Amino acid sequence: MLHTRTTPAGRRRSFREQLSSGRLLRMPGAVNPYSARLIQEAGFEAVYLSGAVLAAELALPDIGLTSSTEIAARAQQIARVTDLPALIDADTGFGEPMNAARTVQLMEDSGLAGLHLEDQVNPKRCGHLDGKTLVGREEMVRKVRAAVDARRDPDFLLMARTDARGPEGLAAAIDRAKAYVDAGADAVFPEALADEAEFEAFRAAVDVPLLANMTEFGKGPLLDAATLENLGYNIALYPVTLFRLAMGAVEDGLRTLAADGTQQALLPRMQTRSRLYEVLGYEEYGAFDSAVFDFTLPPGA
């Protein structure tokens, strides 16, 4: 009720333990705090906050227009309602190494379990688009080192994302990943790998936890969880899946409402009022304060 029952420190330790367990963590991207609760109820091991989703919620493209404080505020809202460890997309760290350092502390204070920083230049773009431009390897190394120096909780996970596969090739992406690990990154996110063989090659070359991005409509294959676990990956990421499902349903609903002049045909596709109240814990709030839950739901609600 009101908040999660676990602490950020406990969730960070749990995240670390799960990453070292040899099992694959399935990590859907939350659209909002409510969806983070649903992700937990559905039995997933962790929750993700996608920079693309955070930008899209503001009707902005994913090109670095959001600020560190905007995403920290959203992160805090989500971290306080789920017992799952939460990982956030911190884009390029929102500036130079000093900005990246501040970003780390903002995300620590928001209750997250970790973040990832990427090696694109600003303005950045979606990792599955062509035309990406990268900062120099040494510049990204300085940013990773700044992030490590700024971290106060050693269990807060610092992940480095490399977008080098597209513009520089697989070998360069692996070289960059190794340099970032040497600089102190705890884990690596190799973006836009082309096929299963490349996932396998990356795993063979880099000896830290690895994240596999299973985003839809991207450059890589949608590998299932069993395959990724067999390949030795630690996280299967579904960053924009729920947002795409939700917005697809919204568009369909608007078309139906405009055509029919009523939402009657949409009722079977809706979450019911009783299910909404169940997720929100309305009755538990009522047990705390009887003035809150003093109504009876109509039949079928």
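Begin by selecting Ala192, which lies in the loop between strand 6 and helix 9, where helices (H or I, at least four residues) and strands (E, at least two) are DSSP runs numbered from the N terminus. This is a predicted model, in which local features need pLDDT of at least 70 and side-chain atom pairs count only at pLDDT 80 or more, while totals for chains, interfaces and linings use all residues. Residues are numbered from 1 along each chain as its sequence is written, and side-chain values use heavy atoms, with hydrogens and water left out.

Ala192 has a positive phi of about 60° although it is not a glycine. Most residues other than glycine have a negative phi. With a relative accessible area of 9%, Ala192 is buried; buried means under 20% relative accessible area, exposed over 50%, and partly exposed in between (1.4 Å probe, protein chains only).

Stay in this loop and select Asp195, which is found between strand 6 (187-190) and helix 9 (196-205). Asp195 is partly exposed, at a relative accessible area of 34%. Patches are made of residues with over 30% relative accessible area and no salt bridge, like charges being joined within 9 Å and nonpolar side chains (Val, Leu, Ile, Met, Phe, Trp, Tyr) within 5 Å.

Next, select Asp91, in the loop between strand 3 (86-89) and helix 5 (97-109). Asp91 also has a positive phi, near 50°, in a residue other than glycine, and Asp91 is buried at a relative accessible area of 4%.

For a nonpolar surface patch, select Leu58, Leu60, Ile63 and Leu65, which together make one of about 320 Å²; accessible areas come from the Shrake-Rupley method with a 1.4 Å probe, and for residues only the protein chains shown count as cover. Leu60 is found in the loop between helix 3 (51-57) and helix 4 (68-79) and counts as partly exposed at 31% relative accessibility.

Move on to Ser68, which is found in helix 4 and is buried, with 9% relative accessibility. Leaving aside residues up to four places away in sequence, Ser68 touches Phe94, Arg102, Thr103, Leu106 and Met107, where contact means heavy atoms within 4.5 Å.

The tour ends with salt bridges, of which the structure holds 19; each is a side-chain nitrogen of Lys or Arg within 4 Å of a carboxyl oxygen of Asp or Glu. Select Arg26 and Glu45, which form a salt bridge with the closest N and O atoms 2.9 Å apart. Arg26 lies in strand 1 (residues 25-28) and Glu45 in the loop between helix 2 (33-41) and strand 2 (47-49), so the pair ties together parts that are 19 residues apart in sequence. Arg26 is partly exposed at 27%, whereas Glu45 is buried at 15%.

Now select Arg275 and Glu278, whose side chains meet in a salt bridge (3.0 Å, N to O). Because they are three residues apart in helix 12, Arg275 and Glu278 are separated by about one helical turn.
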